[in-house]
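Subject: A structure for you to look at

Hello! I am passing a structure on to you, and below it I have written up what turned up in it. Please keep it open while you read.

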Amino acid sequence: MLFRDLSFSLVRGRLMHLTGANGAGKTSLLRTLLGLTTPSAGQVNWCGTPIAKQRETYHRAVFWSGHAAQLKDDLTAAENLCVASALAGDAIGPKAAQRVLDEIGLSGQRSLPARLLSAGQRRRAALARLALSRERPLWILDEPFNAVDAAASGWLQRQLGDHVDRGGMVVLTSHCTPTAVSALRDVVTVAL
């Protein structure tokens, strides 16, 4: 058993930072929050209603990014961004993909197949979807600061800060407290 008597609420304009060692249950908790895993007791609610009763509505409100880059190796960074956005119901065109990839520092790599990108570039390409998910009120991010350099970390920190400032909510995990998270306002840190 990973959790017992776990109860919390996340309100608009807040970021919940889940910390803990490998195997502490951070990703399992995120999977439960997403509705991918059913808790053995209790429930996850969205706006006061169990997510099981409103899956489609809930999933339209959530942006999810796992710890893996979630890229197709044969597609370019721009193509990956367009496909992922379309699958999430947020279809974009090539120009929007190029703009976001330029913003995150991948202007020189946006036409390369993902298999040729470094680990940090792959992570940037995956995180680029955040810039296209501003209308989704809840962001759930598993280890978003892994494999990113200082520039990408700064970009990510700005995205998180802007989202929270707009009244969005963020739940993210990390093994430790990255400086980038501790510098944000309205952060609640929970150790598992």
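The average pLDDT of the protein is 90, and 97% of the residues score at least 70. Confidence is highest in β5, at 97, and lowest in helix α7 (residues 179-182), where the mean is 71. Where pLDDT is low, the predicted coordinates should not be read in detail.

**The second largest pocket**

With that definition in hand, how do the residues lining the second largest pocket divide? There are 14 nonpolar, 4 polar and 4 charged residues in this lining. The pocket holds about 460 Å³ of space. Its lining has 22 residues, and those nearest the centre are Gln70, Ala84, Leu87, Ala88 and Arg129. Two or more lining residues come from each of α2 (55-61), β4 (62-65), α3 (77-87) and α5 (119-127). Helix α3 gives the largest share, 6 residues.

**The largest pocket**

Now find the largest pocket, with about 1000 Å³ of space. It is lined by 31 residues, and Leu6, Phe8, Leu33, Gln43 and Val44 are the closest to its centre. This lining splits into 18 nonpolar, 10 polar and 3 charged residues. At least two lining residues come from each of α1 (26-34), β2 (45-46), β5 (138-141) and β6 (169-174). The largest share, 4 residues, is supplied by α1.

**Helix α6**

At the start of α6, a side-chain oxygen of Asp149 comes within 3.3 Å of the backbone nitrogen of Ala151. Just after α6, Gly167 has a positive phi of about 95°.

Which residues of α6 are buried? They are Ala152, Ser153, Gly154, Trp155, Leu156, Gln159, Leu160, Gly161, His163 and Val164. While you trace them, keep in mind that an α-helix has 3.6 residues a turn, so residues three or four places apart point the same way.

Enjoy exploring!

Terms used: Residues numbered from 1 in each chain as written. Predicted model: local features only at pLDDT ≥ 70, side-chain atom pairs only at ≥ 80, totals over all residues. Heavy atoms only, no water. 1 Å grid on protein atoms, 1.4 Å probe; cavity = no way out; pocket = protein on both sides within 12 Å on 5 of 7 lines; lining within 4 Å. Points joined across faces, edges and corners; volume = space filled by probe spheres on them. Nonpolar A, V, L, I, M, F, W, Y, C, P; charged D, E, K, R; others polar. pLDDT = per-residue confidence, 0-100. Buried < 20%, exposed > 50% of the residue type's maximum accessible area, 1.4 Å probe, protein only. Polar contact = N/O pair within 3.5 Å; in protein donor to acceptor, adjacent residues only side chain to side chain.
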